[in-house]
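Here are some notes for anyone opening this structure for the first time. Have the view ready and follow the points in order.

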Amino acid sequence: MHTSAGSISLADSYAACDSFVAAQLRRAGAVLLGKANMTEWANFMSNTMWAGYSSRNGLTLNPYGPGEFFIGGSSSGSGAAVAANLAAAAVGTETSGSIISPSSQCSLVGIKPTIGLVSRTGIIPITNTQDTAGPMARTVKDATILLSAMAGRDEQDEVTLIDAGHVHPDYTVFLDTAYMKQARIGIPRYYYKHLDPDRLEIVEAAMQVLRDLGATIVDPVELPCQDTKWDSNVLRYEFKKYVNDYLRQLDASVPVHSLAEVIAYNAAHAEKALKYGQETLIWAEQTSGTLTEPEYRASLQRNQQWAGPRGIDHALEEHRLDTLLFLGNEYGSDLAARAGYPSITVPGGYAKNGVIAPGGYQTSGPQGITFVGTAYSEPTLIKLAYSFEQATRHRFPPTLTEGTTTI
């Protein structure tokens, strides 16, 4: 099928064979309906690009409030399609928040797996250290069914071979509501301080539900990394290396075979390709593509140490926690992504009176409750998410009306 990252430069690029994930899904009996729109180049193209926009397919809108509510990115089309009941489930891909964000904003369940649980073979990359595919669905059960089919060893993706013993053949066995009575859940208050009243109320209500279910709430929990000054250098340096590796093997009929050629193609077709510019692509192209720069190595080490062992793991171990609780895509998914750890978001409610966030989007609408854990803690996170979902059942389908809204 077409595999374009939403770019018109790859509009005529067809995958030579199934990705590992697509092959796994076919083998499991899935009916593949098609591809969904995404934020172009997984939102690693421009600092001003709207989530859900691509030059190839235009702007994806949130079914719960087209043109009003934030859609989330970069797996925006996957979120909108499942939310609007056009498919039972979808595959999203995430480097940092690209599954969790649209799932949260579209009242879905999204699972961002541990790096190494799901193969990246055949997926257009940003980084080798953070990229993963994961399921997006309307229920925890559906998401775990999809995860069971997607996970597995792939000889072409060496990261799936490192801890392959952690892969479970059937994640639905973890749909267990009894576990909540022994769960210990940490509240990282530092990351709530920017929330507006409506969204803070949703988190507080979720905490009360968890208490009522028997969980022990540890509030507050401090993370040693919470004042760390993060940067995007891992994405910047790895993008050029790995996207060049991908583009290099495309058919000769495709007009671009390197990041430099993508930038040149966009410049030559600026009216269609550069509605929001491409400063991030140019920023990445300025690197060597060899991953030898000290700046890159320092950023990678900071991510892997301070987000993981000296961040999430430190908090979990110090307080004997199963998980840390966050709202939607607010900070927690980024920490988990930098560490390579899993996160699961589940519908948590609806903010009626949101504010305009720094990115310019409306914070009202669907909001997810996100559970973050250590590496390969998907079984525990599934138990917690399923218990919360069964106790609350916040999701309701959007009301779809005829008409077009544009931004």
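**Notes on the packing**

1. Start with Ser 343, which is buried, with a relative accessible area of 0%. Keep in mind while looking that this is a predicted model. Ser 343 belongs to strand 9, which covers residues 343–351. Setting aside residues up to four places away in sequence, Ser 343 touches Ile 100, Gly 110, Ile 111, Lys 112, Ala 336, Thr 370, Phe 371, Val 372 and Leu 381.

2. Now for the nonpolar cores. In soluble globular proteins, nonpolar side chains tend to be buried together. Here the largest nonpolar core has 46 residues. Which residues have the most contacts inside it? They are Val 118, Val 140, Leu 210, Leu 325, Ile 369, Phe 371 and Ile 382. Phe 371 is also one of the residues that Ser 343 touches.

3. Val 140 is worth a click of its own. Leaving out neighbours within four places in sequence, Val 140 is in contact with Val 109, Leu 175, Val 346, Ile 382, Ala 385, Tyr 386 and Glu 389. Another core, of 27 residues, lies apart from the largest one, and its members include Ile 126, Phe 239, Val 262 and Ala 273.

4. On to the rings: the count comes to 13 aromatic pairs. One of them joins Tyr 53 and Tyr 276 edge-to-face, at 5.1 Å centre to centre and 75 degrees between the planes. Tyr 53 sits in strand 1 (residues 53–54) and Tyr 276 in the loop between helix 9 (270–273) and helix 10 (279–285), so this pair ties together parts that are 223 residues apart in sequence.

5. Next come Tyr 64 and Phe 396. Their ring centres are 6.0 Å apart and their planes are at 80 degrees, so the pair is edge-to-face. Since Tyr 64 lies in the loop between strand 2 (58–59) and helix 2 (76–83) and Phe 396 in the segment after helix 13 (378–392), the pair ties together parts that are 332 residues apart in sequence. Tyr 64 is buried, with a relative accessible area of 14%, whereas Phe 396 is partly exposed at 43%.

6. Separately, Arg 236 lies over the face of Tyr 237, at 5.4 Å from the ring centre.

Note on methods:
Residues are numbered from 1 along each chain as its sequence is written. This is a predicted model: local features need pLDDT of at least 70, side-chain atom pairs count only at pLDDT 80 or more; totals for chains, interfaces and linings use all residues. Side-chain values use heavy atoms; hydrogens and water are left out. Rings of Phe, Tyr and Trp (its six-membered ring) pair if their centres lie within 6.5 Å; planes under 30 degrees apart count as stacked, over 60 as edge-to-face and the rest as tilted. Helices (H or I, at least four residues) and strands (E, at least two) are DSSP runs, numbered from the N terminus. Buried means under 20% relative accessible area, exposed over 50%, partly exposed in between (1.4 Å probe, protein chains only). A charge sits over a ring if NZ of Lys or CZ of Arg is within 6 Å of the ring centre and within 35 degrees of the ring normal. A nonpolar core is a set of buried Ala, Val, Leu, Ile, Met, Phe, Trp, Tyr and Cys residues joined through side-chain atoms within 4.5 Å. Contact means heavy atoms within 4.5 Å.
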